[in-house]
Amino acid sequence: MYKVLYRKYRPQFFADVVGQPQVTVTLKNELMRGRISHAYLFTGSRGTGKTTCAKILARAVNCLNPQNGDPCGECEVCRGLEEGSILDVVEIDAASNNGVDSIRTLIEESNFTPATAKYRVYIIDEVHMLSVAAFNALLKTLEEPPPHVIFILATTEVHKLLPTILSRCQRFDFKRISPEAIADRLEFVCSQEGAEIDREAALLVARIADGALRDALSLLDQCLGRDRHVTLKIVNETAGVAARDYLSSLAQAVLEQDAASALASIDALHRESKDMSRLCEEMAEYFRGLMLIKTMRDASSMLLVPPDELERMTGQALSMSLSTILHGLDTLEETLNKMRYANQRTEFEMAFVRLCSPELDTSSEALLRRLEACLLYTSPSPRDRSLSR
């Protein structure tokens with residue numbers, strides 16, 4: 001059976017984990033010094049390596065021949081845990097086992113010594129989904145577990161955990177992975193698969209994944225299903241995103257206050273079956289780029305776009321007032337929320353009519369745009385000022 005890329009290339013050692021040195025280096029140092037905690041908490045956004053690091057840690061603490069904090073990957077325990085023949089490492093999905101009875105069963109099992117490994121390791125994924133009663137049942141065992149038990153809790157919403165749980169765990173925060181690091185990993189995977197991906201296409205996949213390497217590998221898997229040479233066009237078609245030329249033309253319509261041109265572009269995108277909600281997100285990201293260019297000395301490191309597109313965006317940003325850009329951002333974010341409950345295309349078209357005709361918008365941002373336009377129109381030229389003197 002075909003194995004999807006994010007499973008096939010899941011790191012087996014801490015050194016292979018992408019973009020999380022603040023976690024992997026600390027864990028390796030603690031393991032080399034024998035400072036093994038009874039409870040760990042891994043928190044961060046999706047696809048950043050929490051469950052992967054939990055599995056590596058579970059193998060490392062049980063490995064018969066650890067190598068500088070990493071599991072050797074060759075001993076019988078490492079192979080048994082990888083193949084699933086050793087049952088001393090238990091992975092639990094708290095989303096589907098969130099009741100107090102499930103936790104009581106876990107606590108009862110934890111009292112038994114490991115059958116093969118050194119430690120019984122419990123990896124509880126999405127731990128924030130546990131009920132309050134389940135948390136309370138786990139609390140005492142989490143505070144004083146048997147010496148042969150290690151808990152590894154993973155969550156994307158750490159703010160939902162009880163303070164009493166947080167105080168009993170050693171916490172590690174996983175950051176969003178940078179687009180450059182994701183692009184590098186995608187290029188490595190393609191080289192291993194005998195495929196090819198353009199750098200611009202890899203960066204676009206990374207931007208769409210929004211810091212989640214797993215999502216990036218899943219999208220790459222789909223792209224490779226279309227062609228073994230992944231280009232910018234293939235990524236756009238596979239992900240259903242709008243070509244950057246369309247985003248630029250929509251922003252230009254706002255600059256020129258040409259509502260008819262904006263509506264024509266939206267209609268063309270709709271005919272191509274582009275998702276209006278995704279398009280609104282992309283347009284908001286585009287206006288964010290204009291804001292960064294307008295307010296920063298050099299925003300290229302934060303935008304990660306090709307040089308020709310950066311030049312085009314810079315020209316638009318310099319031609320727009322900051323109030324126009326902020327009005328666009330605010331309108332698009334508000335439209336994105338409205339799209340959940342209304343016709344998406346209509347809401348998106350209404351947003352651009354308001355952006356291209358600020359006199360139709362009653363918001364404070366639109367009022368500021370109109371005031372700035374009036375001041376610019378009525379301000380005297382340098383020649384008039386010299387004549388008045």
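The exercises below concern a predicted model.

**Exercise 1.** Describe the largest pocket by its volume, its lining and the elements that contribute to this lining.

*Solution.* Begin with the volume, which is about 790 Å³ for the largest pocket. Next, consider the lining: it comprises 28 residues, of which A206, R207, I208, D210 and E285 are the closest to the centre of the pocket. Then assign the lining to elements, where α9 (199-209), α12, α14 (276-295) and α15 (300-303) each give two or more residues, and α14 gives the most, with seven.

**Exercise 2.** Determine which element gives the most to the lining of the second largest pocket.

*Solution.* This pocket holds about 500 Å³ of space, and among its 20 lining residues the closest to the centre are R10, K55, L81, E82 and E91. At least two lining residues come from each of α1 (5-8), α3 (50-62), α4 (76-83) and β2 (89-93), and the most come from α3, with five. The lining has nine nonpolar, three polar and eight charged residues.

**Exercise 3.** Classify the packing of α12 (residues 244-256) against α18 (residues 344-356).

*Solution.* The two axes come within 7 Å and cross at roughly 40°, and therefore α12 is oblique to α18. The contact is made by L250, A253 and V254 of α12 together with F352, L355 and C356 of α18; by class it has six nonpolar, no polar and no charged residues.

Definitions and conventions: Residues numbered from 1 in each chain as written. Predicted model: local features only at pLDDT ≥ 70, side-chain atom pairs only at ≥ 80, totals over all residues. Heavy atoms only, no water. Axes fitted to C-alpha atoms, helices over the stretch in contact; angles between N-to-C directions. Helix = DSSP H or I, 4+ residues; strand = E, 2+ residues; numbered from the N terminus. Parallel < 35°, antiparallel > 145°, perpendicular 65-115°, else oblique. Contact = heavy atoms within 4.5 Å. Nonpolar A, V, L, I, M, F, W, Y, C, P; charged D, E, K, R; others polar. 1 Å grid on protein atoms, 1.4 Å probe; cavity = no way out; pocket = protein on both sides within 12 Å on 5 of 7 lines; lining within 4 Å. Points joined across faces, edges and corners; volume = space filled by probe spheres on them.
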